[in-house]
Amino acid sequence: SRHMSMELSEPLRRMLSMENASQGEKNAMQIRETVRKFQRHESDTGSPEAQIAVYTTRITVMQAHMKDHHKDNLTKKMLMQLVVNRRKMMKYLKRTNPDKYFETIEALGLRDVINLIPPKAFLPAKAAVDAELKLRRRQQMRENVKTGKSKKKRRM
């Protein structure tokens, strides 16, 4: 195959620059760049990390829009739906691959607010008691690790 390298003239380069792009084109470019950073392989756009990154980019763009157009209720509703979808995806990723989850939220500058233990109100009575015991054990283990106390080794 034949390859020609052509130099663009200055007026043509200015005309094709991103400065002249519409906001939609700029947003699409930003999303493509975000996907490139988080994709697992060249054609990956559906991995949870990539989807969370795209949701985050879209949320950021919509937040900027909402600052200027605070009465735009349709965008507000869409923004809330994006936040819900991102949260669901983050919950899935934390459940299936916690290491990737923490890498992703660190790279995106998000906080870890996903709690995988369901609220007591949604559990049957016995399961609520078990969940409470499990939570207490976890907290006790965390405190022991922080204070340097650990369980004594059992001798057999």
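Let me begin with V83, which lies in helix α4, residues 73-96. A helix here is a DSSP run of H or I with at least four residues, a strand is a run of E with at least two, and the numbering of these elements starts at the N terminus. Before going on, a word on the source: this is a predicted model, where local features need pLDDT of at least 70, side-chain atom pairs count only at pLDDT 80 or more, and totals for chains, interfaces and linings use all residues. Residues are numbered from 1 along each chain as its sequence is written, and side-chain values use heavy atoms, with hydrogens and water left out.

Back to V83. With a relative accessibility of 31%, V83 counts as partly exposed. The term covers the range between buried, under 20% relative accessible area, and exposed, over 50%, using a 1.4 Å probe and protein chains only. V83 and I52 are 31 residues apart along the chain, and their C-alpha atoms are separated by 9.9 Å.

Now the whole protein. It has six helices and zero strands, so from the N terminus on the order reads α-α-α-α-α-α. There are 156 residues, and 22% of them count as buried. Contact means heavy atoms within 4.5 Å. Among contacts with a separation of 6 or more, 37% are between residues 24 or more positions apart.

Next, helix α2, residues 23-38, where Q30 is found. Q30 is partly exposed, at 38% relative accessible area. Leaving aside residues up to four places away in sequence, Q30 touches T57 and V61. M29 and M18 are eleven residues apart in sequence, and 9.2 Å apart in space from C-alpha to C-alpha.

On to aromatic pairs. Rings of Phe, Tyr and Trp (its six-membered ring) pair if their centres lie within 6.5 Å; planes under 30 degrees apart count as stacked, over 60 as edge-to-face, and the rest as tilted. By this rule there is one aromatic pair. Y101 and F102 have ring centres 5.0 Å apart and planes at 75°, so the pair is edge-to-face. Are these two residues buried or exposed? Y101 is buried, with a relative accessible area of 0%, while F102 is partly exposed, at 39%.

Last, the largest pocket. On a 1 Å grid over the protein atoms alone, a pocket is an open set of points with protein on both sides within 12 Å along at least five of seven lines, and lining residues have an atom within 4 Å of a point. Grid points are joined across faces, edges and corners, and a volume is the space filled by probe spheres set on the points. The largest pocket has a volume of about 150 Å³.

Which residues line the largest pocket? They are K94, I114, N115, L116, I117, L135, R138 and R142. Helix α6, residues 125-147, gives the largest share of this lining, three residues. Domain 1 (10-117) and domain 2 (118-155) each supply at least three lining residues; the domain bounds come from an automatic or database domain assignment.

Methods. 1 Å grid on protein atoms, 1.4 Å probe; cavity = no way out; pocket = protein on both sides within 12 Å on 5 of 7 lines; lining within 4 Å.
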